[in-house]
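Please read the briefing that follows beside the sequence and the coordinates, with attention to the cut-offs attached to each term.

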Amino acid sequence: MSKVRSDTVVSSARGVRLGLPLALAAAFAFGMSGGWARGLIDAGWTPGAAVTARIWVAALVLLIPTILSLRGRWVLLRRNAGMILAYGLLAVAATQFFYFQAVAVMDVGLALLIEYTAPVAVLLWLWLRRGERPTRRSILGAAIAFVGLVLMLDILTGADVNVPGILWALGAMVGAATYFVLSAKADTGLPPIALAGSGLLLGAVGLTVAGAIGVLPIAWTTDDIAYRFGSVPWFVPVLAMGVVATALAYLLGIASTRMLGSRLASFVALAEVVAALLFGWLLLGQLPDLLQALGGVLVLVGVVVVKLGEPVAAEFVEPMPAGDPALRAENVYEKPVQKEI
């Protein structure tokens, strides 16, 4: 049994004021990764090489801060080993690899829109696995999102559907759902930077091992990388992805999710789609056509309706744990119903 600061949490006013800008910053940082990665892939990098470089840079940036945050509390790593393993391999390595595989064959914004149907997938999983029947509003939202997905993929116009790209994006969607669930756990005692740093390091090692044994194709080039605004050295997109779109993004994402709860945080995270479309245009000149844009709007509307339809059930009040600054709140909050993860 594990407590999750999820959709039922009512954060303090101070937590919301601080959490919202952090969540927006995380969304825009995450959103730039696809554009930078597509430039590398078009130049000859494999998606595996791009994501491995990205995760290693981020892991090294956060290594010392992670060690400092765990001084005298190394037992937390052993106590949360299972969650860190899932976070590193699923929420970090698998999610980013699947997403990069998707953007290699389809537009950045479209791949991310498919990934952000994650709340609908969580809805179905809770229904099938735990028998938590969705509300009518949630079912309506899922239907709207499905219609939007059909329009976004140009199925009705007879256009060729990139099935591999869709499947990779759906894999990223599963990883995204894992990210929100694990990031919202408030009873682990792990500081946000420790969860981000340990998860990224584990993900980087896992990707490297997969590449070394030949499971993950790894190839790269040191040629300049071409973007819409001009060419840059290869290390510019690698550092941009690793430092800003990964290390900073995961740290801000975990901290803001713990402040806001996964319900509100996942709403704000939809800004990542806007950021991805913006950076896809700035870096690559990619823009969806009118029908795809309409489909994208319907997907976002559907996800919002699904989230609004989730039941809110909070009963008694208790103070936040005092050990982790990211978990402390100025006031008390409503304790959510405990859920098994």
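Contact, as used here, means heavy atoms within 4.5 Å, and by that criterion Arg38 touches Val103, Ala104, Met106, Leu284 and Gln286, not counting residues up to four places away in sequence. The structure is a predicted model, in which local features need pLDDT of at least 70 and side-chain atom pairs count only at pLDDT 80 or more, while totals for chains, interfaces and linings use all residues. Residues are numbered from 1 along each chain as its sequence is written, and side-chain values use heavy atoms, with hydrogens and water left out.

- Arg38 and Asp42 are separated by about one helical turn, because they stand four residues apart in helix H2 (residues 33-42); helices (H or I, at least four residues) and strands (E, at least two) are DSSP runs, numbered from the N terminus.
- Relative accessible area is classed as buried under 20%, exposed over 50% and partly exposed in between, with a 1.4 Å probe and protein chains only; Arg38, at 15%, therefore counts as buried, whereas Asp42, at 54%, counts as exposed.

- A nonpolar patch on the surface is formed by Leu60, Leu63, Ile64, Ile67, Leu68, Trp74, Leu201, Val205, Val209, Ile213 and Val215, which together have about 1,000 Å² of accessible area.
- Patches are made of residues with over 30% relative accessible area and no salt bridge, with like charges joined within 9 Å and nonpolar side chains (Val, Leu, Ile, Met, Phe, Trp, Tyr) within 5 Å; accessible areas come from the Shrake-Rupley method with a 1.4 Å probe, and for residues only the protein chains shown count as cover.
- H3 and helix H10 (192-212) each supply at least two residues of the nonpolar patch, and the largest share, five residues, comes from H3.
- Ile67, one of the patch residues, is placed in helix H3 and counts as partly exposed at 37% relative accessibility.
- Thr66 is also placed in helix H3 (residues 47-69), but Thr66 is buried, with a relative accessible area of 8%.
- Beyond residues up to four places away in sequence, Thr66 touches Ile193, Ala194, Gly197 and Ser198.

**Cavities**

- The structure holds two cavities of 30 Å³ or more, where a cavity is a set of points, on a 1 Å grid over the protein atoms alone, at which a 1.4 Å probe fits but cannot get out, and lining residues have an atom within 4 Å of a point.
- The largest cavity has a volume of about 260 Å³; grid points are joined across faces, edges and corners, and a volume is the space filled by probe spheres set on the points.
- The lining of the largest cavity comprises 23 residues, of which Phe30, Tyr116, Tyr179, Phe180 and Glu272 lie nearest its centre.
- Two or more lining residues of the largest cavity come from each of helix H1 (13-31), helix H5 (81-103), helix H6 (108-115), helix H9 (163-183) and helix H11 (235-268), and H11 gives the largest share, five residues.

**Ala102 in H5**

- Ala102 lies in helix H5 and is buried, with a relative accessible area of 0%.
- Not counting residues up to four places away in sequence, Ala102 touches Ala111, Gly165, Trp168 and Ala169.
- The C-alpha atoms of Ala102 and Asn162 are separated by 9.5 Å, although these residues are 60 residues apart along the chain.

Note on methods:
A salt bridge is a side-chain nitrogen of Lys or Arg within 4 Å of a carboxyl oxygen of Asp or Glu. On a 1 Å grid over the protein atoms alone, a cavity is a set of points where a 1.4 Å probe fits but cannot get out, and a pocket is an open set with protein on both sides within 12 Å along at least five of seven lines; lining residues have an atom within 4 Å of a point.
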